[in-house]
Amino acid sequence: MNILVVEDNRVQSRIVKRCLDQRRRGDFVKVVPDAEEALKLLRDNAMQFDLLLLDWMRPSTSGIDVLQRVRQSGRHSDVRVIMQTAKDRKEHVEQAIEAGADDYLVKPLDCEALLRKVRKYDPDPSAPFGEV
């Protein structure tokens, strides 16, 4: 599974990467701190991503703005998007889903919850958890 993580906080991005490494499935995980870099990777189509883990609260372009641009492009309608944020109110979840998110995780991230959601969107979940 090819996963693009958009997270500007270094500590948070390391936590996400460490959690994803627990899958031991040979996933390719690309972490970028900048929304524009993520959009460029998606636009250039150098790699097809299966999942986008997107931080909502960003210093420049918000995660919601990135999500809307991804969905409006039409080129990545099949990429699954999980928003991750400290925003935990019902209206925030609704806003993310209305913008095109497939799922939502509240920070601080719980590794098990993240892995459950990633597995839910794995295009090839045939191997049992933890197998290479």
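Modeller: We shall take the sheet, then the helix contacts.

Modeller: This is a predicted model, in which local features need pLDDT of at least 70 and side-chain atom pairs count only at pLDDT 80 or more, while totals for chains, interfaces and linings use all residues. Residues are numbered from 1 along each chain as its sequence is written, and side-chain values use heavy atoms, with hydrogens and water left out.

Biologist: In what order do the five strands form the open sheet?

Modeller: Strands of a sheet pair through backbone hydrogen bonds, either parallel or antiparallel. Helices (H or I, at least four residues) and strands (E, at least two) are DSSP runs, numbered from the N terminus; two strands pair if DSSP finds at least two bridges between them. Here the order is 2-1-3-4-5, with parallel pairing. Strand 2 and strand 5 (103–106) each have a single partner strand and stand at the edges, so one side of each lacks a neighbour in the sheet.

Biologist: How many bridges join strand 1 to strand 2?

Modeller: Strand 1 (residues 2–6) and strand 2 (residues 28–32) run parallel and are joined by five bridges. Within this pair, I3 stands opposite V29 of strand 2. Strand 3 (residues 51–55) and strand 4 (residues 80–85) also pair in the parallel sense, over five bridges, and L54 has M83 in strand 4 as its bridge partner.

Biologist: At what angle do the axes of helix 1 and helix 5 cross?

Modeller: Axes are lines fitted to C-alpha atoms, for helices over the stretch in contact, and angles run from 0 to 180 degrees between N-to-C directions. Angles under 35 degrees count as roughly parallel, over 145 as roughly antiparallel, 65 to 115 as roughly perpendicular and the rest as oblique. The axes of helix 1 (residues 10–21) and helix 5 (residues 111–120) come within 10 Å and cross at roughly 60°, which makes helix 1 oblique to helix 5.

Biologist: Which residues of helix 1 and helix 5 meet?

Modeller: With contact meaning heavy atoms within 4.5 Å, V16, C19 and L20 of helix 1 meet C111, L114, L115 and V118 of helix 5.

Biologist: How do helix 2 and helix 3 cross?

Modeller: The axes of helix 2 (residues 35–44) and helix 3 (residues 63–73) come within 11 Å and cross at roughly 15°, which makes helix 2 roughly parallel to helix 3. A35, E36, L39 and L42 of helix 2 make the contact with V66, R69 and V70 of helix 3.
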